[in-house]
Amino acid sequence: MIFTLLRLDLELITPGGVTAPESLTDRDIGVDLPLARDGQGRLHVPATSLAGSLRSCAPDPAALFGEVRQNAGETTATASPVRFLGTRVSAAEPIATSRTVIDRERGAPRTHLLWRGELLPEGSRVTGYLRLDDPGLLDELLAVLAAWRPFIGGGRSVGRGQARLTQVRGRTIDLSTAPGLRDWLTGGGPALFADEVTEPVDLPVVEPSAEVLRWEWDVVDGLRVGTGGRDETSDEGEGRASAPALLVRRAGKPCIPGSTWKGVLRSRCEYILRSLGVPVCQPYECCRTCLVCETFGWTGGDEESVGQRSRLLFTDSIFTDARVVVRQHVALDRVTGGARDKQLYAEEIVESGRCTLEVTVGGPLAPAASALLRLAVADLHDGFLAVGGSTTRGLGGLRRTDSAAESERLAAVEEFAAHVSAHATAGKAAL
């Protein structure tokens, strides 16, 4: 018997990881979505997560990963020639994250829906150990690995868990030979995949095929996306009555999270459709069939599916040349018109800076959906839309830095007008 052992070395490009909310049943660690851990309490990425991600990009999944078929009431199963033997995680301490849900009617956070979680930090390494039982499939497996764009854990549509394959090492073991049999019987675990006994495996060069949309932005009058926490160690500004509320940061720099971009633009797309009389979801009720659901995905269980993944993948936008200041505010007494006692508070604000919104098209995107997204981006550029908190107090304004905003808007209006006209014609025909 001859088989091949492969070691996959991956590195997280963005924070990610597989969460295990079921682990909260017998302990409280201060978060709602803790990362998965093994029996010794070490951070863990289940091999099933890598297997599912790799299988999803295989042109013929059954050949490499097996299948289960139903035919005339009989079930036929084919075992996978690719076996995921386990994983190892090398990472620093998990980073804390928090998210909330915005009320579509009030435009403010909904009560009792702030949740906190853990993420593996950017740069964390995950090692996967594979065994291929059919050497004849090695070239096919390497071609799939070359085209693989791995995601580890959930939240991929908001920039979580993006990883890259940094190295593949492998070896062949022939159990019909004495050296092969000795290595297999006397070795075991990660030692079988060590650098000393494996060789680098060259992968075919595959150019990325996904379309990436980019828009450059400048902060207009200040912007704030907060974590919900405060800098209790800050002593800036002697006499301050409260610690400043913190900005969301990534790699030490303020940023706009991908989840914020997705929520703001999805809500605006719904508003545009609703204003034009096109059927679209009502707040908190995914219809699963409208243009927004098809584009941004949906959740909600039924007998057939628990949801659909977004075709648009948003990433965190890190500010460059950011100027962060601390602004102090005070609540006013509605009766006296003066400042209320003990109501001074402070917030971190990105007063100026530049960021880039990147959206990867991760699936077939209808022309009308592309036009709708560009119309929402145009509304943000024109000041009809803002990002982050305190938008009714002048924060959150962004302005595109390029000169193509007007031409892009006109093209999007023309393209989407054709979609609305076709929809109206179809509606009259149905009547």
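**A close look at Val248**

Modeller: Leaving aside residues up to four places away in sequence, Val248 touches Val225, Gly226, Thr227, Lys253, Pro254, Cys255 and Pro257. Please keep in mind that this is a predicted model. Val248 itself sits in the loop between β12 (245-247) and β13 (249-250). Its relative accessibility is 18%, and because buried means under 20%, Val248 counts as buried. Glu348 is 100 residues away from Val248 in sequence, yet the C-alpha atoms of the two are 9.8 Å apart in space.

Now let us move on to β13. This strand is joined by two bridges to β14 (residues 253-256), and the two run antiparallel. Within that pairing, Arg249 stands opposite Pro254 of β14, and Pro254 is also one of the residues that Val248 touches. β13 belongs to an open sheet of three strands, in the order β13-β14-β18, with antiparallel pairing. The edges are taken by β13 and β18 (317-318); each has a single partner strand, so one side of each is left without a neighbour in the sheet.

Stepping back to the whole protein, there are eight helices and 21 strands. The C-alpha atoms fill a box of roughly 90 × 70 × 45 Å along the principal axes. Of the 431 residues, 39% are buried, and Val248 is one of the buried residues. Among contacts with a separation of 6 or more, 71% come from residues 24 or more positions apart.

Key
Residues numbered from 1 in each chain as written. Predicted model: local features only at pLDDT ≥ 70, side-chain atom pairs only at ≥ 80, totals over all residues. Heavy atoms only, no water. Helix = DSSP H or I, 4+ residues; strand = E, 2+ residues; numbered from the N terminus. Buried < 20%, exposed > 50% of the residue type's maximum accessible area, 1.4 Å probe, protein only. Contact = heavy atoms within 4.5 Å. Pairing = 2+ DSSP bridges.
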